[in-house]
Amino acid sequence: MKLTIRVWRQKNEADKGRLAEYPIDGIEPDMSFLEMMDLLNEELIGKGEDPVAFDHDCREGICGMCSMAIDGVPHGPEKATTTCQLYMRHFKDGDTITVEPWRAAAFPVVKDLVVDRSAFDRIIQSGGYVSAPTGSAPEAGSTPIPHEDASKAFDAATCIGCGACVAACPNASAMLFTAAKVTHLGLMPQGQPERYQRVTAMVEQMDAEGFGGCTNTGVCHTVCPKGIPLETIGRMNGDILKALRP
Amino acid sequence: MAVTGIVFLLFLVAHAFGNLKVFYGRADYNTYAAWLRTMGSPAIPHRLALTILEIVLVLCVLLHIGSAVELALRARRARPIGYAGGRPKQSYASRTMRVGAILVVLFVIYHLLDLTFRVANPKGIAGDPYDNVVADFSNPFVTIFYVVCLIVIGLHIRHGVWSALQTLGRSNARRERSINIFAIAFSVVLIAAFLAVPFGVVIGVVH
């Protein structure tokens, strides 16, 4: 396959940045999108140019590091797929593909396609924990949890914190991420003691980080590589309303 | 946004019921319009109930627009640089909330000048709203403008109903589908009720 890749090049946070165009040949349909980027970088290094910086780690769709907006869509055109699990067979020979970093004031660009997602860490730190007694492991099954709650909490817990929800949201809102964390802990009996103080603290931190407000467009869920359900946002809204009640 | 939006929806339902009185003829329609001013009489003074309703609606309009502007400004601050490569799929109704809202505001201003203050109405007869409505929809340009604006309002409501219920925490996975079906059904039926009036004039049932 032969493609033209338009990539965002930005030296550092202060640099203005621009889109650079690279023709690239010899792409196998079974290569992942990141392997295609590796190939591009090998060529750039061969020519003595600076390779394109991008985040990646596990390359099996579970770490949440890869973060590319491919033709404006976080993680590209495939449903519930991370960029590392996206294969070149989904593109046509001769295509021009635009690759940009997550676009959000709360995710400043570090270099090229790498953005700083520490804002998510600070949201987690503000309340994404449960107080658990230390010591030996508790007796299995000593805390009964209804099956439905357990699977819903698990659905929410599959969030890998990649930030695609923010990147796709027309408001650059972090509601789906925060709601996933609030739901995953709020549905468990272990999460009850801090349930309402957690939701207040995490939403306050989310707002303080400069994310936009949620207008329930549902785009976050459409692009989420883990398919985090929109109902998490409804649950979080329910909790925050309860927390605000005097 | 959610609470003030629900106030508008309740008002619009009452408004649509009132409008449909046009099919009972001139006398019924005009009596109904006059009753709006004598609501609760003699216990409640003349026009008091209507004035309270108007004040509530104006407050809701200000709060609704205020929140919308704040959300739009926050969104702009939260994404100073946009994407060059395209954008993800998004429902038409949710994508046109802001731009549609501008048309809705212009429509409401025109609508008030037309049928409340009667300065933009072709006839503008005080105390005869029936004649004023017929005069409006005898003009194809006015009719087309009303129809287009009502469809835009319908789209706004389609997203608004779902969004309000989600914001108020009333949605969950089980209810999501029914809420969306309800939002579509509600907006279609409501807008059909409003469209019935110009349609009635155009086909000559109301004359």
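**View 1. H75(A) sits in the loop between β4 (73–74) and β5 (96–100) of chain A.** What you are looking at is a predicted model, in which local features need pLDDT of at least 70, side-chain atom pairs count only at pLDDT 80 or more, and totals for chains, interfaces and linings use all residues. Residues are numbered from 1 along each chain as its sequence is written, chains are lettered from A and ligands numbered from 1 in the order in which they are written, and side-chain values use heavy atoms, with hydrogens and water left out. The backbone of H75(A) takes a positive phi, near 65 degrees, and this residue is not a glycine. Is H75(A) buried or exposed? H75(A) counts as buried because its relative accessibility is 0%; buried means under 20% relative accessible area, exposed means over 50%, and partly exposed is what falls in between (1.4 Å probe, protein chains only).

**View 2. The largest nonpolar core has 72 residues.** Such a core is a set of buried Ala, Val, Leu, Ile, Met, Phe, Trp, Tyr and Cys residues, joined through side-chain atoms within 4.5 Å. F107(A), F120(A), V166(A) and F211(A) have the most contacts inside this core. The element that gives the most to the core is helix α7 (residues 140–167) of chain B, with nine residues. Domain 1 (3–110) and domain 2 (117–130 + 145–244) of chain A both give residues too, so the core lies between them. Zoom in on F120(A): setting aside neighbours within four places in sequence, its contacts (heavy atoms within 4.5 Å) are F107(A), G161(A), G163(A), C165(A), V166(A), A174(A), F177(A) and F211(A). Apart from this core lies another, of 27 residues, including V7(A), I24(A), M36(A) and C66(A).

**View 3. Chain A is assigned domain 1 (3–110) and domain 2 (117–130 + 145–244).** These bounds come from an automatic or database domain assignment. The C-alpha centres of the two domains of chain A lie 27 Å apart. To their contact, domain 1 of chain A brings 18 residues and domain 2 of chain A brings 19 residues. Also in chain A, H147(A) is part of helix α3 (residues 147–157). With a relative accessibility of 67%, H147(A) counts as exposed.

**View 4. Helix α1 (residues 2–20) of chain B packs against helix α8 (residues 173–202) of the chain.** The angle between α1(B) and α8(B) is about 35 degrees and their axes are 9 Å apart; axes are lines fitted to C-alpha atoms, for helices over the stretch in contact, and angles run from 0 to 180 degrees between N-to-C directions. The crossing is left-handed, that is, the near helix is turned anticlockwise from the far one by less than a right angle (clockwise would be right-handed). On the α1(B) side you'll find L9(B), L12(B), V13(B), H15(B), A16(B), N19(B) and L20(B), meeting F186(B), L190(B), A193(B), F194(B), A196(B) and V197(B) of α8(B). Take N19(B): its relative accessibility is 13%, so N19(B) counts as buried. Leaving out neighbours within four places in sequence, N19(B) touches Y29(B), F194(B) and V197(B).

**View 5. Helix α5 (residues 97–116) of chain B has M97(B), G100(B), V104(B), F107(B) and D114(B) as its buried residues.** Why do they line one face of the helix? Seen down the axis of α5(B), these residues fall within an arc of 100 degrees, so they line one face; the arc is taken from the directions from the helix axis to the C-beta atoms. On the other side, V99(B) and I102(B) are exposed. The cover over the buried residues of α5(B) includes α4 (92–95), α6 (129–137) and α7 of chain B.

**View 6. Two loops of chain B hold backbone details.** Just after α5(B) comes R118(B), with a positive phi of about 60 degrees. R118(B) belongs to the loop between α5 and α6 of chain B and, at 30% relative accessibility, counts as partly exposed. In the loop between α2 (26–38) and α3 (48–78) of chain B you'll find P42(B). A cis peptide bond joins S41(B) to P42(B), with omega about 5 degrees.

Note on methods
Helix = DSSP H or I, 4+ residues; strand = E, 2+ residues; numbered from the N terminus.
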